[in-house]
Amino acid sequence: MSLQQALDDCLIDFDRRVLVTDLLEEYKLTYKEAHDKLEAHIKQQEKSSAIKYEKRFVVHGTLANDEGELYTIVQGDAKLKEWLSKLENSQYHLYSVEVAGGSKSAAPIFKPMQHMEVKLAKVEQRSGVKPLANSVSNGVHKPVETPKPASIKEEPSKAEEQKKTPPSEQKGKAKSTTTTAKKGSIGSFFSAAPAAKSQPAKETKAAAAKPAAGSMDNFFKKQPKANSSQSNSAPKEASPEQKNNSIQLFAEESEVSSDEEEKLDKLRRSVIGSGDESDETDAQAQTKHKASSKRRRIVDSDDEEQPQKKSAEKQKPQQEEQKVDQAEEEPMDVEAATNETFLDDDGFVITVKAKKPKPVQKKASSTATAATAAAAPATKKKSPPAAGKSAKETPKVKQGSITSFFAKK
Amino acid sequence: MANRLSCAYENLSSSYLLTTTDYQKQFCHLYTHRLAEMTRLLTPLALKEWGTQVPIMKLCELRGEQNVQCIIIGTIYKHQAHKPSILRDISEENQLAPQPQRQNYSEPEDKLILEDELQRVRLQGGEFLESHKLATGIVCAVKGDTDSEGFFNVEKILFLESGPQKPLTVKRNSKLILISGLDQLQSHNFVDALNMFQYWLSGCFDNKSEAQSQVRLIVAGNSVRSSAMAHVPTLQVARHQANANDTVQAISQLDSWFASWAKAIHVDVMPGAYDPANFMLPQQPFHKCMFPLAAQLSSFQSVTNPYICRLDSALVVGTAGQNIADLLRSTALDSSLEALRCTLKWGHVAPTAPDTLACYPYISSDPFIMKECPHVYFAGNCEKFETDLHVGSGGKRTRLVCLPSFSKTQSVAVIDLATLDCRQIKFSVETE
């Protein structure tokens with residue numbers, strides 16, 4: 001609807017103060033057009049009826065004494081004439097109109113302009129900036145609630161379901177859990193911490209992956225008690241997020257590991273039946289599995305974990321059969337013990353170090369070794385697994401040197 | 001609908017953006033860097049002005065010798081008996097009632113001291129020195145000699161004068177609009193003026209051709225409020241909360257105004273002394289979350305205070321007025337324009353910082369040194385509109401503009417960037 005039509009139809013209520021600037025916004029006119037139409041309408045109304053209008057004008061001109069330009073609002077024709085004579089290069093426009101002598105109108109509401117006659121050629125919207133409507137009220141900011149993925153809660157209980165899901169989905173879930181975890185400050189602390197401390201996280205991964213495969217107990221059963229106490233404490237310290245992640249990350253492996261378990265069970269049976277030969281068959285079977293499991297580990301990009309996993313997998317058949325093979329292993333220990341005693345006779349004091357692996361590997365295996373382990377310093381019991389490995393390796397080297405020494409003799 | 005003239009724009013305020021916020025540092029680093037940097041800039045000027053016959057010396061090189069004609073470059077320290085001192089306040093608070101803060105603590109008895117890297121010397125030069133117009137923190141070169149009483153008799157004094165100036169090559173009649181002190185919390189007192197201003201900005205009052213040439217609007221601080229918030233006792237939580245809500249609403253309203261204006265013209269908004277921004281200079285830009293509507297538009301930006309930008313080839317430097325207000329308190333300068341002119345001559349935007357004007361403790365630079373002479377130099381939130389074309393040494397021309405608060409005078413300044421002409425536009429409502 002045009003302004004003229006609105007005026008003719010008496011749709012504009014002049015009982016209240018009508019701003020010309022409001023008409024510009026409403027009818028999308030230039031100020032001159034709105035002024036001309038409104039002025040003509042008012043003159044017509046004043047002639048035809050006895051209604052008197054109270055008019056305000058914007059007077060524009062240059063002040064004397066070079067004091068700049070002035071835009072001022074004056075009320076009434078008399079004031080208008082006065083100001084037009086006062087200013088240089090003066091001109092005027094209607095600013096507002098209301099019926100004179102009517103009830104006192106409310107103060108007009110001023111709004112930011114939308115209609116403009118000169119504007120920027122190109123106004124670009126900034127990307128990534130969205131108005132936060134209704135998000136801030138009276139200084140209170142409501143945090144945005146993010147839906148919690150249901151998978152987080154279900155994952156620990158539905159480990160078997162995760163085994164069946166494709167690896168790609170599992171990884172996607174793992175990502176989603178990490179992203180949601182990062183939103184929380186505590187979550188971000190725990191999720192960020194593994195990045196810095198990748199080694200402990202991987203230990204927990206290994207620890208957490210095993211229960212899903214059902215071989216956790218077996219894994220820890222074969223660990224020496226000195227280490228097992230340490231390794232048991234690691235999963236306790238791990239946060240639920242870490243457990244979830246580790247479960248998801250290793251679910252792929254756990255799926256395959258169930259097949260491995262079957263094969264290993266077969267191997268165990270054959271070990272029970274065949275005795276020493278089982279080691280060789282184990283080794284052959286594991287070499288096959290290693291190739292496949294290695295690929296999986298590469299996918300998981302946990303290269304540093306491989307030695308641990310390898311050793312764990314190696315230990316699986318052996319540690320499962322610890323009780324069965326104890327009779328086979330004990331002679332080796334005895335042999336090592338005899339070596340120690342022999343070296344004592346020869347005057348080499350390094351023979352004591354040959355006993356050090358015992359408390360690490362088999363503290364509870366025999367009472368005799370337990371006695372020697374008690375003599376060993378307590379600090380060595382608390383040494384990390386890597387240190388334990390190095391302790392394992394050094395006696396072998398020394399044993400080799402000792403045997404070569406005797407071979408020379 | 002006509003399009004507005006466009007011009008090349010470059011924001012040069014990056015040195016005022018704080019990358020670290022370490023407030024534990026001492027302010028001596030700032031003075032050290034100020035002296036070192038300005039000595040480097042002043043030395044060739046002194047040699048050019050006074051020749052090589054008079055040596056530039058350090059105070060320690062004088063070794064108490066008398067009547068040695070030399071040039072010394074140092075920082076002025078003005079010893080003022082009534083200068084606000086937190087230490088004195090603390091020491092006296094248990095004995096005497098707190099003295100009311102003076103609006104101006106400059107007195108004829110104030111002593112001028114020149115400090116270089118190691119030592120200090122009392123300056124005397126009578127009327128020539130114009131000690132009442134100088135302030136702490138000004139770096140200058142003085143030529144004179146020492147006397148038996150340990151004074152340095154100043155014969156001539158040389159300031160940086162804001163470094164060299166690039167030639168102005170603006171050919172089109174690009175115009176810059178400056179406004180300050182919108183004081184949205186009190187806007188109900190001047191809504192008609194604000195309404196007129198925005199429609200004038202958009203060229204509705206038969207000023208289309210003029211509006212087309214206006215390239216940028218700079219809002220020079222105190223947009224939310226233009227006076228200190230009334231002190232509220234701590235226990236009156238409800239009232240305090242009400243004030244906080246007022247501020248939030250005022251910012252929301254400002255956002256809608258700025259969003260509207262930014263469709264018509266490029267808008268740069270600086271924080272001011274009483275705005276919800278950091279207190280210390282340089283004040284950092286308002287966060288975009290404070291203006292969610294306006295921040296969507298690329299033509300709107302929050303900028304630092306002080307603010308430096310280049311429009312075509314015209315260098316524009318300005319503040320929200322804290323530097324001028326503080327200078328007027330500590331000197332006998334009688335107008336904001338003179339204070340603005342002095343800071344231009346001294347080559348430093350805020351010489352009284354960090355002495356009596358809060359300033360970030362910079363440790364590796366002094367970003368307030370004016371290394372390039374601006375073409376337009378303004379200060380917002382002054383008492384009244386004042387302007388002058390300052391012509392410095394070498395014919396450097398700078399348009400000085402003191403902007404009054406819009407809430408008080410309902411006026412803005414329009415500067416022609418080609419000719420550096422400046423005029424005031426008033427939007428007033430005649431009261432009956």
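Mentor: Start with a term: two residues are in contact if their C-beta atoms, placed from the backbone, lie within 7 Å. In chain B, 75% of the contacts with a separation of 6 or more are between residues 24 or more positions apart. Keep in mind that this is a predicted model.

Chain B has nine helices and 18 strands. Of its 432 residues, 48% are buried.

Now the sheet. Six strands of chain B form an open sheet, in the order β2-β12-β13-β14-β16-β15. The pairing is mixed. At the edges stand β2 (9-11) and β15 of chain B. Each has a single partner strand, so one side of each is left without a neighbour in the sheet. On average, neighbouring strands here are turned by 20° against each other, direction ignored.

Look at a parallel pair. Strands β13 (residues 314-319) and β14 (residues 376-382) of chain B run parallel, joined by four bridges. Thr319(B) faces its opposite residue, Ala379(B), in β14(B). Helix α8 (residues 336-346) of chain B packs on the sheet. This helix touches β14, β15 and β16 of chain B, and its direction makes about 140° with that of β16(B).

Move to the antiparallel pair. Six bridges join β15 (residues 386-391) to β16 (residues 397-404), both of chain B. Asp388(B) stands opposite Leu400(B) in β16(B). These two strands form a hairpin with five residues between them. In that hairpin, Gly394(B) takes a positive phi near 75°.

Notes:
Residues are numbered from 1 along each chain as its sequence is written. Chains are lettered from A and ligands numbered from 1 in the order in which they are written. This is a predicted model: local features need pLDDT of at least 70, side-chain atom pairs count only at pLDDT 80 or more; totals for chains, interfaces and linings use all residues. Two strands pair if DSSP finds at least two bridges between them. Axes are lines fitted to C-alpha atoms, for helices over the stretch in contact, and angles run from 0 to 180 degrees between N-to-C directions. A residue is buried if 20 or more other C-beta atoms lie within 10 Å of its own, exposed if 12 or fewer, and partly exposed in between; C-beta atoms are placed from the backbone.
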